[in-house]
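Here is a note for a colleague who has not looked at this structure before. Please read the points with the model open beside them.

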Amino acid sequence: MVIIMNIGFVVCIILAVLFLIVGILFSLLKEKGAYFVSGFRTLNHPEKYDKAYISRDIRNQCFIYFVILSIGAILSYFLSVYIAIAAILVWLIVFFRNFNLDAEKAFEKYLIH
């Protein structure tokens, strides 16, 4: 018996589960979750930022990543290995759309007015 491993399915499932776990952690931590966001501790005045909004936003991003990768894994398992590649490319585009190297610029939408 030969078992052919669908590596795209495995990669999508592993990433989806990781993002689901991180999303659940940010849901449970609420405001305290902001301290685990990369770059938050390096801000000059972290008290000027809405920590609950940061945590909710990261939670929502993780759940979106989970959905994208889960759909890619399911379709890859049942239809074609190439769908996993497409799902990972979509995830990368969505991920890097929110990516910013400058911490001040990355967190400016979370400023309390």
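The points below take up the helices, their packing, the aromatic rings and a few single residues.

1. The model is predicted. Residue numbers start from 1 along the chain as its sequence is written.

2. Helix H1 covers residues 7-29, which is 23 residues. From its first C-alpha to its last it reaches 33 Å, close to the 33 Å expected at 1.5 Å a residue. The buried residues in H1 are Gly8, Cys12, Ala16, Phe19, Gly23 and Phe26. What covers them includes helix H2 (51-78) and H3. An α-helix has 3.6 residues a turn, so residues three or four places apart point the same way.

3. Valine 11 also lies in H1, but with 33% relative accessibility it counts as partly exposed, because buried means under 20% and exposed over 50%. Its C-alpha is 8.8 Å from that of isoleucine 88, although 77 residues separate valine 11 and isoleucine 88 in sequence.

4. Just after H1 comes lysine 30, with a positive phi of about 50°. The value is positive in a residue other than glycine. Lysine 30 belongs to the loop between H1 and H2. Is lysine 30 buried or exposed? Lysine 30 has a relative accessible area of 57% and is therefore exposed, since the cut-off for exposed is over 50%.

5. H2 has 28 residues, which should span 40 Å at 1.5 Å a residue. Its end C-alpha atoms are 41 Å apart, in agreement with that expectation. At the start of H2, a side-chain oxygen of aspartate 50 comes to within 3.3 Å of the backbone nitrogen of alanine 52.

6. How do H2 and H3 run relative to each other, and what is the angle at which they pack? The angle is about 170°, and the axes are 8 Å apart. H2 is therefore roughly antiparallel to H3, because angles over 145 degrees count as such. On the H2 side the contact is made by Tyr65, Ile68, Leu69, Gly72, Leu75 and Ser76. On the H3 side it is made by Ile83, Ala84, Ala87, Ile88, Val90, Trp91, Val94 and Phe95. Isoleucine 88, named in point 3 for its C-alpha distance to valine 11, is among the H3 residues in this contact.

7. The structure holds 15 aromatic pairs. One of them joins tryptophan 91 and phenylalanine 95, with 5.6 Å centre to centre and 35° between the planes, a tilted arrangement. Why are these two residues about one helical turn apart? They are separated by about one turn because they are four residues apart in helix H3 (residues 82-97). Tryptophan 91 is buried, at 11% relative accessible area, whereas phenylalanine 95 is partly exposed, at 29%.

8. Phenylalanine 107 is buried, with 5% relative accessibility. Tyrosine 110 is buried as well, with a relative accessible area of 5%.

9. Which residues do ring pairs link into a cluster? The cluster consists of Phe19, Tyr65, Trp91, Phe95, Phe96 and Phe99. Of these, Phe19 is among the buried residues of H1, and Tyr65 takes part in the contact of H2 with H3. Trp91 and Phe95 take part in that contact from H3.

10. Aspartate 57 is found in H2. At 14% relative accessibility it counts as buried, because the cut-off is under 20%. Its side chain makes a polar contact of 3.3 Å with the side chain of lysine 109. Leaving out residues up to four places away in sequence, aspartate 57 touches Lys109 and Tyr110.

11. Leucine 111 lies in the segment after helix H4 (103-106). It is partly exposed, with a relative accessible area of 32%. Which residues does leucine 111 touch, not counting residues up to four places away in sequence? These are Lys48 and Tyr49.

Key: This is a predicted model: local features need pLDDT of at least 70, side-chain atom pairs count only at pLDDT 80 or more; totals for chains, interfaces and linings use all residues. Side-chain values use heavy atoms; hydrogens and water are left out. Rings of Phe, Tyr and Trp (its six-membered ring) pair if their centres lie within 6.5 Å; planes under 30 degrees apart count as stacked, over 60 as edge-to-face and the rest as tilted. Buried means under 20% relative accessible area, exposed over 50%, partly exposed in between (1.4 Å probe, protein chains only). The expected span of a helix is 1.5 Å times one less than its number of residues. Contact means heavy atoms within 4.5 Å. A polar contact is a pair of N or O atoms within 3.5 Å; within protein, one must be able to donate a hydrogen and the other to accept it, and residues adjacent in sequence count only if both atoms are side-chain atoms. Axes are lines fitted to C-alpha atoms, for helices over the stretch in contact, and angles run from 0 to 180 degrees between N-to-C directions. Angles under 35 degrees count as roughly parallel, over 145 as roughly antiparallel, 65 to 115 as roughly perpendicular and the rest as oblique.
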